[in-house]
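Visitor: I have a structure open here and have not looked at it before. Can you take me through it?

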Amino acid sequence: VMNDYLKSHQQPIIANTLTTSYTGVIPITWRKNKEETDLPDYDCIQFKNGSKSVLKNPFTTEPLHIPQAHLTEIEYSGWLWVNDLSPLTIKPVDIDKAIQPIHPVCCEILTSCIKIDNGKLSICINTDNGIIDIVNKTTDETFPNLFSYIDEPDVGDSYNRGPDINKTTYPIVFQSAKVIETGLLVSTVEIIHHIQYPEKKESTVLKTTLTLKANDTHCSGTTKWFNTQPHHRLQIAFNTNQPINSILAENHLHEIARPVFSNYHITDDMPANRLKEIMGQTTPIQRYISANHHLVLTEGLTEAETNKNHLCITLHRGFDVLSSDSTGTRGGHAGPPFSTPSGQYLNKSLEAQWHWAPLSNYPTSKLRHEWANTTLTPPKFYEFQHPPSISTPVSPHHQKLLPLPEELTCRALKPTFHLDLKTHHKISWDGVLRLQNTQSIPFRFNCTPLFHWASQWEHSRGLEQSVETSSSLLDANSILLIKPGELITLLFRF
């Protein structure tokens, strides 16, 4: 489907698979032949420094006997500004008519500070000590000394962490901060710290990149290092400047609030008694967690912890056994004592990605969920000569999502299967929409707006995709009572 679409549009395209509209910056790659020397100059595109040689598209029509060197192109990466891209849309990009953002990113290098501002957030990185201060320009909130790193010995296993109470944390020293990318769309600062392990002659370089994009109400970070130290835990600790008494974390389908004790530390009760396990301050998360006006989104990092005023995300914890009876936090085994040496990730380059935002920018669970989707899966840019494969065709007649009330969150929107998996009866519906009530109170959903988007609808509770029955068919006057946290499935036909 995508290939046929591309053949009729001799220009790059953008595919927005989100169920919300998108305005902002998206990553792109741009290829050109080796004999071309200049990059195209467009106001809506910002290219990164550097390039790499790549083979031309394998679908090229050039004969295979041409030497490989003649088939080589130069690939550049960069950023493209898109404005008000409709949900579930595949559209060609007219680069010549594209516009600049209303509030471009401004980067200033001052005497002892690097300042980045996009009209929504203002970030100041002190080049003398590496301290980062952020101002939310929408609300005038200030977030001083945003984050630091904590690296400490750990003798835990795959189940539990185990602080080594006989050792102290490893010192982490700031080294430098510099701008590595700047432009109207994106600015990035690289911050270098050194970790000194007592057993090592050379320190470990901890490299952080902090990025601010046009229109974003959050900043994005990447932490990289080459891991040579066994049995340790590295965390990024966000400073909330006040004791943390509760957190709000995303779970599988909703959010959950958990109380915490700001003055408690797990070492207070170590070692654990036999066959007992000490309660820690760690908590599982799916993608994001918030505390004291801070909101943190991670990419695959699912352990968080509170430590007095700090909201911490575990970047790495090394262990070499599945279950140990000497963690100090659990008085016995939790499973078989199998050796897992690869759990240390020794002599490997590691990378962690995270995003930070003021909680006031995303005050509801619906907005937080949409922010997570938009940040982790932004629209994709494709050049015509390098067509992607796409498994879910999008109807060109239905490129806009139906209006939904703030109280409901869209959990899925996709084509239906051809057969009901339980009854093996044929399903004649075009697609399925799943909605969840993200409130703590019941919600009465008026179905009238649904019929402005599709002609027929059927509903069921939970995740079931049932065969059409008269009792579950909806009409424009139907009202569904959705319980707190409840998920409903709606089948539709255009």
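Visitor: Into which classes do the residues lining the second largest cavity divide?
Guide: This is a predicted model. In it, the lining of the second largest cavity has two nonpolar residues, four polar and one charged.

Visitor: Which residues line it?
Guide: Tyr264, His265, Ile266, Gln281, Glu305, Thr306 and Asn307 line the second largest cavity. Its volume is about 30 Å³.

Visitor: How many cavities of 30 Å³ or more are there?
Guide: The count is two. The largest cavity has a volume of about 50 Å³.

Visitor: What lines the largest cavity?
Guide: The lining is made of Glu250, His254, Glu255, Tyr288, Ser365, Lys366, His369, Thr409, Arg411 and Thr438. H2 and strand S27 (408-415) are the elements that give two or more residues to this lining. With three residues, H2 gives the most. By class, one lining residue is nonpolar, five are polar and four are charged.

Visitor: Let's zoom out. How many helices and strands does the chain have?
Guide: The protein chain has two helices and 32 strands. It has 494 residues, and 48% of them count as buried. The accessible surface of the chain is about 24700 Å², with 53% belonging to carbon and sulfur atoms.

Visitor: And what share of the contacts join residues at least 24 apart?
Guide: The share is 67%, counted among contacts between residues at least 6 apart in sequence.

Visitor: What about the inside? Which residues have the most contacts in the largest nonpolar core?
Guide: They are Leu80, Ile132, Ile134, Phe238, Ile289 and Ile313, in a core of 67 residues. S5 gives the most to this core, with seven residues. A second, separate core has 20 residues, including Leu413, Phe445, Ala454 and Leu474. In soluble globular proteins, nonpolar side chains tend to be buried together.

Visitor: Pick one of those. What is isoleucine 132 in contact with?
Guide: Leaving aside neighbours within four places in sequence, isoleucine 132 is in contact with Ile123, Cys124, Ile125, Phe143, Pro144, Asn145, Leu146, Phe147, Ile191 and Leu210.

Visitor: I clicked on leucine 435. Is it buried or exposed?
Guide: Leucine 435 counts as buried because its relative accessibility is 0%, and buried means under 20%. It sits in strand S28 (residues 431-437). Outside the four places on either side in sequence, the contacts of leucine 435 include Leu404, Leu408, Phe445 and Leu487. Its C-alpha atom is separated by 6.7 Å from that of threonine 489, 54 residues apart along the chain.

Visitor: And proline 87, where does that lie?
Guide: Proline 87 lies in the loop between S5 and strand S6 (89-92). It is buried, with a relative accessible area of 9%.

Visitor: Which peptide bond is cis?
Guide: The bond from methionine 270 to proline 271 is cis, with omega near 0°. Proline 271 is in the loop between S19 and S20. Most peptide bonds are trans.

Visitor: What is phi of tyrosine 345?
Guide: Phi of tyrosine 345 is near 50°, a positive value in a residue other than glycine. Tyrosine 345 is in the loop between strand S24 (310-317) and S25, and is partly exposed at 43% relative accessible area. Asparagine 347 lies in the loop between S24 and S25, with phi near 55°. Asparagine 347 is exposed, with a relative accessible area of 55%.

Technical notes:
Residues are numbered from 1 along each chain as its sequence is written. This is a predicted model: local features need pLDDT of at least 70, side-chain atom pairs count only at pLDDT 80 or more; totals for chains, interfaces and linings use all residues. Side-chain values use heavy atoms; hydrogens and water are left out. Helices (H or I, at least four residues) and strands (E, at least two) are DSSP runs, numbered from the N terminus. Buried means under 20% relative accessible area, exposed over 50%, partly exposed in between (1.4 Å probe, protein chains only). Contact means heavy atoms within 4.5 Å. Accessible areas come from the Shrake-Rupley method with a 1.4 Å probe; for residues, only the protein chains shown count as cover. A nonpolar core is a set of buried Ala, Val, Leu, Ile, Met, Phe, Trp, Tyr and Cys residues joined through side-chain atoms within 4.5 Å. On a 1 Å grid over the protein atoms alone, a cavity is a set of points where a 1.4 Å probe fits but cannot get out, and a pocket is an open set with protein on both sides within 12 Å along at least five of seven lines; lining residues have an atom within 4 Å of a point. Grid points are joined across faces, edges and corners, and a volume is the space filled by probe spheres set on the points. Ala, Val, Leu, Ile, Met, Phe, Trp, Tyr, Cys and Pro count as nonpolar, Asp, Glu, Lys and Arg as charged, and the others, Gly among them, as polar.
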